[in-house]
Structure formats: C-alpha cells, structure tokens
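Please keep the sequence and the structure in view while reading.

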Amino acid sequence: MDKIVINGSKRLDGEISVQGAKNSVLPILVATLLADGVSVIHNCPIISDVDATIKILRYLGCIVTREGHTITVDSSGVNKNDVPDELMREMRSSIVFLGGILGRMGKAILSTPGGCEIGLRPIDLHLSSMEQFGATVTTENGYIVCSAEENGLHGTRITLSFPSVGATENIILAAVLAKGTTIITNAAREPEISDLADFLNRCGARIHGAGDSTVTIEGVSKLNSTEHTVIPDRIVASTYMIAAAMTNGRICLKDIIPAHIGPTIQPLREAGCDVTVNCRKVSLIAPPKLHRIRMIRTMPYPGFPTDVQAQIMALTTIAEGTSVIIENIFESRFKHIPELVRMGAKIRIEGRVAVIDGVERLYGAEVISPDLRGGAALVLAGLCADGITTVRNISFIDRGYEDFENNLSMLNADVRRKAN
C-alpha cells in the first residue's frame, strides 16, 4: 500500500480546477440503470469509489467504458438483481444501488455496504421507504432482499425522520418508474440531490422540488438515456481552500459553484482569510496568523458539512485561541484526533465535542489515515508542519480525491506518493 510523504512549511500558491463531485457521480451512475440506451456522464473524477461503482454496473450486465473524465454506460443488457458481498464492501455508499436495482428489476439483493468506518450508517430509513412503495423486505443468509415483483412499486408519501442523503437518493431512484406520485417530506437538500434529479429529469423523469425539504416525483413508464455533466465537488474545493489557509498561502479555485461552499467560506473568513467570489471562481488569501473559529456544528446542508469537519479541525490546531467543534452527524468521526495529537495538536474530546487549543506549530510525524476525510486532514496538517510527515493507509484518500498529491504539488507543496 502506498503512502504520502510531505515536507512541510511550504506556502501554497496557485490556481486549480476542482474535480467532479464524488457524492454526485455515484448515484448518477446508479441512475443509468433506469434509462434505456447509452448514457454519457462527463466530469467523473478518477477515484476508487467510481471504480467500485463501475465494477458493480458491469457485474449487473452494463457495458461501461471510460475515456478520461467521461464514462459511458449502456444498461440495455442488465440481467442481474444482486450485488456480491465483496463488491458491496468496496465503498460505503453502495447501498444507493438498492433503489436503482429495485426500480429496474423489481427485486434487489444486497449485503451491508462497506467503506470508511466513521460511525453507524443505519439503512433502516432505506428499507422502510422501500416497504412504503409496496416492496417486501426480508433477510436471507446475511443479504437484504427487497422484492416488488408481484405488484410493482407504487407512489407513496414518505416522511424521513432525518434528512438522509442516501435515503433521499434511494427513494428518488425507486420512485421515478413507480406507478403514481411520491412525495418526500424532510428530504435531504444537498446539491448532489439536485444534480441527481437534474440527470433523471433529462432522461424524462418528473421530479420537482429537489434541493428543498419536500420533493415530488411523478412516476413515468420509461426513461431515455441522456448526456450529463457532474457538478464540481464542494468537499474537495473546501479541502484545497483550507490547505491554502493553513500554509499562509493563496489559491484560486476554478470551475466551482461558490454557493455550494458557502458553509465553508464563513468560518474561513472568521479565521481571518480574505475570500473573494467571482462567478465560478473563488479566491482565498490567508492571514499571517489564523484566528480561532469560535464554534462549528456539523449539520445537514445548508449547514456546515460533516465531510469538512476533520479538515477544518486541522486548521484550528494552528489558529490563535480556542475553537470548538461539535460533530452532530456521525458518532465516530473523531478518529483523526489521536493522529493530529501525535503531530503536536492540543485537542480535548467530550462525547461529540472537540475543544482545540491552537499551538504555534505542528511537527512532522508518521500517521495513519483513519478514513477518507480524516486522511485528507492529516495531509493538510503535514503541509504546515515542521519537518517530514508520512501518511499511511492512503487508500481511504484515493476513494474521494483525484490525484491529490500531484494537485498539491502544482500549488507548490512538497508532496509525493511512495510505495511502502
């Protein structure tokens, strides 16, 4: 397994384009199962989670080709309704295949998904939603079996107890070809939900209100293939902005949607950064010394994203004063903290609350990536640390960041990937 080695204390400076959104491309690729013909998806990041999704699509019978950042999916040959355990375990969000396979085949057989161990991601909302469509849900030999083969799926009204992104996506995927109208109340509002709906509507679906808390889907009898460009990745954009802020640097992000990173821009400004928004560009200039961020609470969109919590915590470790971060989404998303402490950070944890006392500097160390975003945070810490930092277990980072070390090198970082 490779490792990332960082020679720290290099000021980041430059301009970079932002990759396509991981959390958009995965459900959109699943949605191609529902469309007749050949779908063409542009701006697909080259990351391992996309590779895992392609493997599952091919197993199901799709013909999938890739040229750079464009993926073409011919779903006309789909002939399976199950996903083997070894494929499900390759990525955490693989449960999104539930709605796609059920909507296409009338039956879906899946095991529990794998991926990062950032806390429980219960799938009860997904399963209860499928039952409300009229599907039967049983467990057989460790697999979840959802079937609507007898009567098909029927539109329904579903109220989510929590605005789960994955559950909202699965409901939309199951509803577009169901008979009748489906209304989701307390739906997730993330931009990736809107991107999925935009793709499906291009295919002929009738989805209204995506991006709001109430989404209405009028079932149609058929979807046609289309061409679609995935939105930029707001989490990756936030990561690069934080990297520049931590190294007293300056950065210009191209090809992004600034409104999507608004929840990250506000605390960066509180930390003293000068952030300028101009059409599809955002520029950041860091202050000589970062200020504390009084309090951050992770919340569903449009709140501060849990996927940026680890990175912003890395920033607060070198900010003047005391910062407080409250993790409200996942109960095990502080696994990066012991590794930051190895680098000299001062962090106290009480349940879901982390109190960070800023230090003058961090020091290079050998650390282990605990998950996708925690691994990125450790790389960011290494960028501003004195000496050499080695980040191991970087397969997590490869799940969501395309060419991470080379992009940072283009911004003047001294970062390289090495084989163990």
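In which sense do strand E10 and E12 pair, and over how many bridges? Strand E10, which spans residues 181-185, pairs with E12 in the antiparallel sense, and five bridges connect the two. The model discussed here is a predicted one.

- Strands pair in a sheet by means of backbone hydrogen bonds, and the pairing is either parallel or antiparallel.
- Four strands in the order E9-E10-E12-E11 form an open sheet, and its pairing is mixed.
- Strand E9 (157-159) and E11 are the edge strands, each of which pairs on one side only.
- Between neighbouring strands of this sheet the turn is 15° on average, with direction ignored.
- On its other pairing, E12 runs antiparallel to strand E11 (residues 206-208), to which three bridges join it.
- Glu-218 of E12 is also the bridge partner of Arg-206.
- Five residues lie between the strands in the hairpin of E11 and E12, where Gly-209 takes a positive phi near 90°.
- Strand E12 itself covers residues 214-218 and has two faces: Val-215 and Ile-217 make up the covered face, whereas Thr-214, Thr-216 and Glu-218 make up the uncovered one.

**The sheet that contains E18 and E20**

- A further open sheet has four strands in the order E17-E18-E20-E19, again with mixed pairing.
- Its edge strands, each pairing on one side only, are strand E17 (295-297) and strand E19 (346-350).
- From one strand to the next, the twist averages 15°.
- Helix H10 (residues 309-316) packs on this sheet and touches E17, E18, E19 and E20.
- The direction of helix H10 makes about 170° with that of E18.
- Strand E18 (residues 322-326) and strand E20 (residues 353-357) run antiparallel and are joined by five bridges.
- Within this pairing, Ala-354 in E20 is the bridge partner of Ile-325.

**The pairing of E6 with E8**

- Strand E6 (residues 107-110) runs antiparallel to strand E8 (residues 143-147), and four bridges join them.
- The covered face of strand E6 consists of Ala-108 and Leu-110, while Lys-107 and Ile-109 form the uncovered face.

**Helix H12**

- Is helix H12 mostly covered or uncovered? Helix H12 (residues 372-384) is mostly covered, with 13 of its 13 residues buried.
- The N-terminal end of H12 is capped by Asp-371, a side-chain oxygen of which lies 3.4 Å from the backbone nitrogen of Arg-373.

**The cavity**

- The structure holds one cavity of 30 Å³ or more.
- The largest cavity has a volume of about 40 Å³.
- Its lining consists of Pro-232, Asp-233, Arg-234, Ala-237, Ile-256, Ile-257, His-260 and Ile-261.

- Why does His-228 count as buried? His-228 counts as buried because its relative accessibility is 4%, and the limit for a buried residue is under 20%.
- His-228 is placed in strand E13 (residues 227-229).
- The side chains of His-228 and Asp-195 are joined by a polar contact of 2.9 Å.
- When residues up to four places away in sequence are not counted, His-228 touches Ile-28, Val-40, Ile-41, His-42, Asp-195, Asp-198, Phe-199 and Arg-202.
- Ile-394 lies in the loop between strand E22 (388-392) and helix H13 (395-398).
- Ile-394 likewise counts as buried, because its relative accessibility is 1%.
- Apart from its neighbours within four places in sequence, Ile-394 is in contact with Met-1, Asp-2, Lys-3, Ile-4 and Arg-417.
- Between Ile-394 and Ile-71 there are 323 residues of separation in sequence and 25 Å in space, C-alpha to C-alpha.

Key: Residues numbered from 1 in each chain as written. Predicted model: local features only at pLDDT ≥ 70, side-chain atom pairs only at ≥ 80, totals over all residues. Heavy atoms only, no water. Pairing = 2+ DSSP bridges. Axes fitted to C-alpha atoms, helices over the stretch in contact; angles between N-to-C directions. Contact = heavy atoms within 4.5 Å. Buried < 20%, exposed > 50% of the residue type's maximum accessible area, 1.4 Å probe, protein only. Polar contact = N/O pair within 3.5 Å; in protein donor to acceptor, adjacent residues only side chain to side chain. 1 Å grid on protein atoms, 1.4 Å probe; cavity = no way out; pocket = protein on both sides within 12 Å on 5 of 7 lines; lining within 4 Å. Points joined across faces, edges and corners; volume = space filled by probe spheres on them.
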